[in-house]
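Try each task before you read its solution.

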Amino acid sequence: MESLVFSAVRKKIAEWGEDAEVSVSLEIPRQESHGDFSTNAAMQLAGRLGKKSRAVAEEIVSALREEDRRGRFASLSIAGPGFINIVLSEEFWREVLTVALEKGPRFGASKVGEGKTVHVEFVSANPTGPLHVGHGRGAAVGDALARILEFTGHKVVREYYINDVGNQMDNLGRSLFSRYRVLCGRSADLPEDGYRGEYMIELARDFRVEVGDRYADVPEEEALPVFRKEAGDRILRGIRDDLASFRVTYDRWFAERDLHDRGLVAAALADLRERGQLYETDGATYFRSQALGDEKDRVLIRADGRTTYFAADVAYHRHKLREGFSRLIDIWGADHHGYVPRLRAALRGLGEDENRLKVLLVQFVTLIREGKAVQMSTRSGEFTTLREVLDEVGVDAARFFYLLRSFHTHLDFDLTLAKTQSRNNPVYYIQYVHARICSVFREAEAQGKALNGHPPLSLLVFPEEVRLMKAVARFPDVVSECAKTLEPHRIPFYLLEVSDLFHAFYHQHRFLGESPERTQARLALALGVKTVVASGLSMIGVTAPDRM
RNA sequence: GCGCCUGUAGCUCAGGUGGAUAGAGCAGCUGCCUUCUAAGCAGCUGGCCGCACGUUCGAGUCGUGCCAGGCGCGCCA
């Protein structure tokens, strides 16, 4: 559709013998009265040709008229400084609606990603405590992107990287041991930087129910391996359950431990060493990251011989690239942004194409309740968990609110608004469209007017009807735009637009009670709307209810 | 000090590769339910797009410099 007009304009440019370097754009004007499409071609070309832009526009318009053998252009006009405004025939939009009805749930699906494999790593919170609201945003964004990429033909692997190695796990084990000892009636102090959240006490209680006081008097160093593992495993299980409740599932859970056990960290280090990227100072092994764009060189092996977290991460990304993914997408919290340059440096140091890696930094979330920010602090264990938010506002509202904002900006998550089951809540506004259409279909069925055969779409002539057809037709472009920019928030915004148009139509016109032909045509239109709404909602992981 | 993100209506935010009169929700004010779901519709009020230069036919959008907020700058993960 767009491409049709575009190529026609392009062709004219070529006929003039101009180099095609001129940047000509074709866009959907903000103002409805400026047509369905608009191009600035004449203004771009006028300077080059040394002619008046309106004169150039005249020539392009007449050329377009010749080109248009199938009568797709309802009108072509020149406006302002030389814009060419194009109005497509209503027949054109009916054709697109027909396509939407034929394709159903596959409408908007594409093959742009065919043959491409994408690895999406997201959340990957350390297994030291339950997921909080910030993780929820990463989960919503990562999952939505995965769904969008799949819909556009990519082969997607979703992965959770588990940081189950390092000081923090010892700390976690000690914290659990301490809580456990207290429950057993022994005295015990929490470690200095121990995890002091309420959940640790619950974990200790659960564990004690299973093993009794067996470890109560075992020396800490001896008990530690057991407690470290128990704590990590149990917390990870909780994370997995929370994510499942949030409708987020993974294809793989990748443990950092495995990288070490399989020798992948050593292999990555050896690789870098061979490429001359390492050197030693003060007993530690450094990576020459500064020369590759980082602000300074980074330690990979500490003076005491242990590898750093960064070393494992280098190995992890090297491993993923070697699996052959066309593209790696890492979704991180904004607090990790300083880490990006060193990781890119690592890829370059390994001789890999750093452009295969895309890191998306998701900005922070502030919970708002009754107009005031809810304070959070992971250290003291006082934070709002994802679970609590889900219990309070529900999965649909939570996912929707997380995705309603571009992840580049801070998110104020208004719990009070998300929770209201009223007209104020935009989730319901959209879901209501779906429920209303289903209701209409039920009623049509009951009256023996169900949709069948080939509805006479030529009866769709009212402005509200044409606007809806255009909105439905835009869906494939919205989806592919999301896949290109990796910006899922465009989906909810599109859905809100469609919903606006539908509710306006619904209020002004009736589906049933018109002539049988008109009823058929409008039911077809409703089905088209239902299709894109259901499809769009599924893209962001929100349900499309049949009734509300 | 350096780096990343952000600055648009009272509040929260949209504004495809620069385009024509800058949009939505909330909040506030008016109207509309004997008709397929009022979780809805129609309307009103509300703007120096942080500030200043620059690029050009044309800037919320691009560049530079300020100002403000958030987040980072470990042989932690």
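**Exercise 1. Charges over rings**

Task: In this predicted model, find which ring Arg 240 lies over. Then find the ring under the charged end of Arg 436.

Solution: 
- Step 1. Start at Arg 240. It lies over the face of Trp 253, at 4.2 Å from the ring centre.
- Step 2. Go to Arg 436. Its charged end sits over the ring of Tyr 506, 3.9 Å from the centre.
- Step 3. Check the cut-off. A charge sits over a ring if CZ of Arg is within 6 Å of the ring centre and within 35 degrees of the ring normal.

**Exercise 2. Classify two ring pairs**

Task: Decide whether Tyr 160 and Tyr 250 are stacked, tilted or edge-to-face. Do likewise for Tyr 309 and Tyr 339.

Solution: 
- Step 1. Take Tyr 160 and Tyr 250. Their centres are 5.5 Å apart, with 85° between the planes. Planes over 60 degrees apart count as edge-to-face, and this pair is edge-to-face.
- Step 2. Tyr 160 is in strand 6, while Tyr 250 is in the loop between helix 8 and strand 7, so the pair ties together parts 90 residues apart in sequence. Both Tyr 160 and Tyr 250 are buried.
- Step 3. Take Tyr 309 and Tyr 339. The ring centres are 6.0 Å apart and the planes stand at 55°, so this pair is tilted.
- Step 4. Tyr 309 belongs to helix 11 and Tyr 339 to the loop between strand 11 and helix 12, so parts 30 residues apart in sequence are tied together.
- Step 5. Compare with the burial cut-off, under 20% relative accessible area. Tyr 339 is buried because its value is 11%. Tyr 309, at 38%, counts as partly exposed.

**Exercise 3. Explore the cores**

Task: Find which residues have the most contacts inside the largest nonpolar core. Then list the contacts of Phe 413 beyond its neighbours within four places in sequence.

Solution: 
- Step 1. The largest nonpolar core has 133 residues. Tyr 160, Phe 246 and Phe 413 have the most contacts inside it.
- Step 2. Look for the main contributor. Helix 17 (residues 463–485) gives the largest share of this core, 11 residues.
- Step 3. Leave out the neighbours within four places in sequence. Phe 413 is then in contact with Val 365, Thr 366, Leu 367, Ile 368, Val 389, Ala 398, Phe 401, Tyr 402 and Ala 418.
- Step 4. Now find the second, separate core. It has 33 residues, among them Leu 259, Tyr 316, Val 340 and Ala 346.

How values were computed. Residues numbered from 1 in each chain as written. Chains lettered and ligands numbered in written order. Predicted model: local features only at pLDDT ≥ 70, side-chain atom pairs only at ≥ 80, totals over all residues. Heavy atoms only, no water. Phe/Tyr/Trp six-rings, centres within 6.5 Å; stacked < 30°, edge-to-face > 60°. Helix = DSSP H or I, 4+ residues; strand = E, 2+ residues; numbered from the N terminus. Buried < 20%, exposed > 50% of the residue type's maximum accessible area, 1.4 Å probe, protein only. Core = buried A, V, L, I, M, F, W, Y, C linked by side-chain atoms within 4.5 Å. Contact = heavy atoms within 4.5 Å.
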